[in-house]
Structures are given as structure tokens and as C-alpha cells.
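User: Could you walk me through this model? I'd like to go over side chains, helices and packing.

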Amino acid sequence: MSAEGGTKAIVAALAANLGIAASKFVAFAFTGSSSMLAESIHSVADSGNQGLLLLGRKRASRARTPEHPFGYGRERYFYAFVVAVVLFTVGAAFSLYEGYHKISHPEEVKSPIWAFAVLIIAILMESFSFRTAIKESNVVRGDQSWWAFIRRAKAPELPVVLLEDLAALVGLILALFGVSMAVATGDGVWDGVGTVAIGVLLGAVATILAIETKSLLIGEGADADTERRIVAALESVEEVERLIHMRTEYVGPDELLIAAKIAVHHDDTAAEVARGIDAAEAKIRAQVPEAKLIYLEPALYEADGAEGAAAEKTPETPATS
């Protein structure tokens, strides 16, 4: 996923959520619906989340410093993790509390026409935002399933926006169900039931986001296919006898760190080794453009020595976010 991918989806989601939040608060003021209040808070939290994602992208673009020699790319992971925390604490916790209160002390929904009108408008606006996120994601998703894309994407913004928009759409439908049942039966408990369902939904989405972004935040390596391409590029260089061992890690969504020990021929001169390392780096970058940081250590390979950990060069299990 490119560094620029996802900006349009974030901006579309931000604009939609700001408009939706304002309309929901107006509807809540007229109806007193707890489902509508929960959805209002949800939209405010989502708007803040998009702001955090944009802030993370801006801060991650700062130049390297002596204190942070690998740059600030992981700030995008940090702010995506904060989004998950905000979604849980502000969205899910508030909705669960408000739903419990409404079930314990049910109230009649007043002026339901306001609630229905705003919910329908919000569903249309959220659908536009979700459609934009889907289109942006399809550019970089390739032939992966949606679940695989969310789990394996190294840039966190699109998976976050996709899950947020999906949760928002389902939440709006739940709110519409709660208000409809409360109006049809005259029992305000249904409004509380819809609110609790929204809280459970937001909690589930927040948990998924927290798990996936935490993996990226603490450091995640390249997947098995990418590592195979790196190994193939290395071993295609004449001066490289074989790969001894290798470690990879994303220090940012578009910046892969590669540290490898390579076996060189016993009779190669220093100039030949240096030439081989330069050629290997060029071939790796041609195969894996995000390989921005490459450190190759030359060594002599002994089949029965401690250096013979060649089995590490093609890991069996792909890394997932």
C-alpha cells in the first residue's frame, strides 16, 4: 500500500461523520432516543478518529533525526492504535452504559419522524463513505480476501476506515431497528436494546483493530512471499554464494528493514565482495520497492558451523498484521 493510499477515504469518512454527527444530535434533541444519542457519540468519536489518522500520517512523514535514525513511520501505527482505544472507550463503553440505563428506565421515543429521517440520511452518507473506502482499498488489495487484507495490510488507515464505516452502517441499522420497535410497541426498552447492540458491535470492532495495530506497532516482518523474493534476488547475484540468515521488519508502512548475513566465496577480494553487496541491494529494491533499509553482512559459510542456519531463509509462516 502506498504512503498516499487511503487519504481520500479518510477525508470522505471525516466529512460524512461530521455531517452525520450534527444531524444526529439535532434528532436526539427532538426525540430523546438513547440509540440516537449513542449513534451521535459514535459519529463524534469517528470524526476524531479520522483526525487522528490524518495527524499520524503527517507526523510519520518527518525526516529522520539522530534520536530516531529510522524515522517516524511507526507513528501511523501508534495513532491507529489510539483510534481503536478511542472507539472502545468513547463509542462502545458509552453505548453500553446508555443502553443499560435506557433498559432500566425506559422512556417513550418522542418525535420519531426526526429519528427516521436522520437515520436514513446518515445511512446514505455513510454508504458513500464506505463505498469510497472500498474503492481505495481495491486499488491495493489485489486478489486477497477482505479479511486477509485487513489482517495483512502494513498501512493501517484503510483497514481502520473500512471497519469503522462498516460498524457505522451496521450501527445505524441497529439504531433504526431499536427506534422502530420502540415506536411500534410503545416500549422504550427496545431503544435501549438497540443501543446495547451498538455498544457490543463497537467493542468487537475496537478489539479487532487493537489486536491488528498492536502487531504492527511492536514490529512485524515481511510475509513469506516477500521474503522468498528477497532471497531469490540475493542468491541471483554472482558474488553471493548463499543466504545464511535474515531478519526483516517494517519500520513504517512503506519502509522495510532487511538485515542479512550472506556467504561470499572464499577467494573473493574485498572489491568483489563490495560489488556483490551493491548488486544484491539493487536487485532487492527492484523486487521489493519498500526495502528502503538494507544491511548485508558478508561471511564465509561452513556447512557444519553455527553459521549454517540457512533454513531461516524461507520461513513457512507468513507474517500477518
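**Aromatic pairs and beyond**

Analyst: Let's start with Phe30, which counts as partly exposed at 40% relative accessibility. Buried means under 20% relative accessible area, exposed means over 50%, and partly exposed is in between (1.4 Å probe, protein chains only).

User: Before we go on, what should I know about the model itself?

Analyst: The model is predicted, so local features need pLDDT of at least 70 and side-chain atom pairs count only at pLDDT 80 or more, while totals for chains, interfaces and linings use all residues. Residues are numbered from 1 along each chain as its sequence is written, and side-chain values use heavy atoms, with hydrogens and water left out.

User: Thanks. How many aromatic pairs does the structure hold?

Analyst: There are 4. Rings of Phe, Tyr and Trp (its six-membered ring) pair if their centres lie within 6.5 Å; planes under 30 degrees apart are stacked, over 60 edge-to-face, and the rest tilted. One of the pairs is Phe30 with Trp114, which is stacked at 4.2 Å centre to centre, with 5 degrees between the planes.

User: Where do Phe30 and Trp114 lie?

Analyst: Phe30 is in helix α1 and Trp114 in helix α4, so the pair ties together parts 84 residues apart in sequence. Helices here are DSSP runs of H or I with at least four residues, strands are runs of E with at least two, and both are numbered from the N terminus. Trp114 is partly exposed, at 36% relative accessibility.

User: And what about Trp146 and Phe149?

Analyst: They form an edge-to-face pair, 6.2 Å centre to centre with 85 degrees between the planes. The two are separated by about one helical turn, because they sit 3 residues apart in helix α5. Trp146 is partly exposed, with a relative accessible area of 33%, whereas Phe149 is buried at 2%.

User: New topic: salt bridges. How many are there?

Analyst: The count is 13, taking a salt bridge as a side-chain nitrogen of Lys or Arg within 4 Å of a carboxyl oxygen of Asp or Glu. Arg62 and Glu75 make one of them, at 2.2 Å from N to O. This pair links distant parts of the chain, with Arg62 in the loop between α2 (34–60) and α3 (75–104) and Glu75 in α3, 13 residues apart. Glu75 is buried, with a relative accessible area of 14%, and Arg62 is partly exposed at 33%.

User: Which residues are linked in a network of salt bridges?

Analyst: Arg57, Arg76, Glu157 and Asp254 are.

User: On to packing. Which residues touch the most other members of the largest nonpolar core?

Analyst: Leu53, Val161, Val205 and Leu209 do, in a core of 42 residues. A nonpolar core is a set of buried Ala, Val, Leu, Ile, Met, Phe, Trp, Tyr and Cys residues joined through side-chain atoms within 4.5 Å. Helices α1 (7–31), α2, α3, α4 (112–141), α5, α6 and α7 each supply at least two residues of this core, and α6 gives the largest share, 11 residues. There is also a second, separate core of 25 residues that includes Leu243, Ala280, Val288 and Ala291.

User: What is the reach of α6 from its first C-alpha to its last?

Analyst: Helix α6 (residues 157–185) has 29 residues and reaches 42 Å, close to the 42 Å expected at 1.5 Å a residue. That expected span is 1.5 Å times one less than the number of residues. Just after α6, Gly186 takes a positive phi of about 75 degrees.

User: Last one: how do β1 and β2 pair?

Analyst: Strand β1 (residues 240–252) and strand β2 (residues 255–264) pair in the antiparallel sense over 10 bridges; two strands pair if DSSP finds at least two bridges between them. A hairpin joins β1 to β2 through 2 residues. Met246 has Ala260 in β2 as its bridge partner.
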